[in-house]
Amino acid sequence: MIYFDHAATCGQRPPSIGRAMLHALEEVAANPGRSGHRRSIAAARIVDGARRDLAELIGANDSANLVFTKNATEGLNAVLFGVVREGDAVLASRFEHNAVMRPLRHLERARGVRVDDIPGDRSRPVDVDALASLLRDRPGSYRLLALTLASNVTGEIMPVREVGSLCRRHGIFFLVDAAQGAGLAEIDLERDGIDALAMTGHKSFMGPPGTGALWLREAASVPPLLHGGTGSRSDDQRQPEFAPDRFEAGTLNLPGIAGLGEGVRHFRETGGSVIRERETALLRLAWKGLQEIPGLVLHGPGDPGRQLAIVSFSVPGRDGGGIAQMLDARGICCRQGLHCAPRAHETLGTLSGGGTIRWSFSMFNSMGEIETAIAALREILAPTV
Amino acid sequence: MAEPQGEWILLFDSIHDVLGAERLFRERGIRVDLVPTPRTLSADCGVALTVESSRHDAVLEALASTSCRLRSIQRAVTGGYEEVRLS
């Protein structure tokens, strides 16, 4: 079986991740930060270790500002609902996932928020010069700008540094959705002027689903999405003001965080650049092989320097869903459709055709698997007489 | 000046700060123990730190270098605890 759907969720993990989860679930089996006994302390150490390791990986100075969430979506919602106020205007790229667009569409209706596009098109998802002009022409107009670190449809890495610099200059809250590419696409929280970074645990970090994290430059600038027990200041019926407790109401997902922490450690030990290099080799081979198939259209930059190991393609005149089904019948798992990013498909011109077929790789895939899948695709698309 | 006598019990706002301070003390060679927070001192459900009596100045110096939120310093006295007031 060949799994090419790692952009949806990591399909293969080092065994140490499952072991860490089982240890937390069956041996530690206690609530972190709630009790003074040794198992509760052991649980708290697992959470603390994962938090510190992830904070260090993303270059965050104070790990207290890195809070655990159940996914990137929760972090994005916390920021969007917490920062964007009645009547504000915000900017979002044409490649945002529904994890950003749906909260924004809700805020349009509920708070009269105006959502404008970051200038860009299919070949240049973010036109930095046009964005600079827009911000110059409308000073003080925008409260927040949301940008995906990399498109989940094409894998294209966005110009976070340049956009962050513009946000800083214009006093705009800069929210980065790093669901794809966290640890792989280069970012620098300080240099890039990022105010909030939402991540998921179950993709590049190889942790389990149901885990994520949100880093905030100023924890006090964002109100929590949930209020409840934290184990701290229990005599006060109001939510604590300090991070991370402020954002972590309710019992944490200890086995999940244990798995995420182990994934982060594995990621760091292997090295983000080593992982990226391996995945880029797969991307190059896949791109080249797919490019040679007649009638197939590739979407995205086709430049490994600014693309994660994600390839999107379509075959005009053929039903993508049918092709994906035939690949599945040959033991090749991939994702076809809109990938929860209809705006991206609208921009790529693939919305009306039902989206694209997406192959997304991880370091666990092999060159042989790419060759097998391309041969299978050739067979599926071969003209029938 | 640091209080020279008795073991100190350090109370923090959050388990995050407790573990952060514990790590810092160990890095600086200060002997430290995690203990259940005495119920008479806090309504919290967690842990506090005790530090060796002879290293109070080093403890204060370490705390001054970190963002860990120290809530109070206590010491055991007959019949309970009293807060250590630092001048």
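**Helix packing and contacts**

Mentor: Let's begin with a pair of helices: H1(A) and H7(A) cross in a right-handed way (right-handed if the near helix is turned clockwise from the far one by less than a right angle, left-handed if anticlockwise). Helices here are DSSP runs of H or I with at least four residues, and strands are E runs of at least two, numbered from the N terminus. The model is predicted, so local features need pLDDT of at least 70 and side-chain atom pairs pLDDT 80 or more, while totals for chains, interfaces and linings use all residues. Residues are numbered from 1 along each chain as its sequence is written, and chains are lettered from A and ligands numbered from 1 in the order in which they are written.

Trainee: At what angle do H1(A) and H7(A) pack?
Mentor: About 150 degrees, with the axes 8 Å apart; axes are lines fitted to C-alpha atoms over the stretch in contact, and angles run from 0 to 180 degrees between N-to-C directions. That makes the two helices roughly antiparallel (over 145 degrees; under 35 is roughly parallel, 65 to 115 roughly perpendicular, the rest oblique).

Trainee: And by class, what is in that contact of H1(A) with H7(A)?
Mentor: Nine nonpolar, six polar and one charged residues. Ala, Val, Leu, Ile, Met, Phe, Trp, Tyr, Cys and Pro count as nonpolar, Asp, Glu, Lys and Arg as charged, and the others, Gly among them, as polar.

Trainee: Switching over, how do H8(A) and H11(A) cross?
Mentor: At roughly 20 degrees, with axes coming within 10 Å, so H8(A) is roughly parallel to H11(A). Their contact has seven nonpolar, one polar and no charged residues.

Trainee: Which residues of H6(A) are buried?
Mentor: Val160(A), Val163(A), Gly164(A), Leu166(A) and Cys167(A). Buried needs 20 or more other C-beta atoms within 10 Å of the residue's own, exposed is 12 or fewer, and partly exposed lies in between, with C-beta atoms placed from the backbone. Down the axis of H6(A), they fall within an arc of 160 degrees, so they line one face of the helix; the arc is that of the directions from the axis to the C-beta atoms.

Trainee: What do they pack against?
Mentor: Helix H5, strand S5 and strand S6 of chain A, where contact means C-beta atoms, placed from the backbone, within 7 Å.

Trainee: Last one, how many residues of chain A are in contact with chain B?
Mentor: 19, and they meet 16 residues of chain B. The chain A side has six nonpolar, six polar and seven charged residues.

Note on methods. Two residues are in contact if their C-beta atoms, placed from the backbone, lie within 7 Å.
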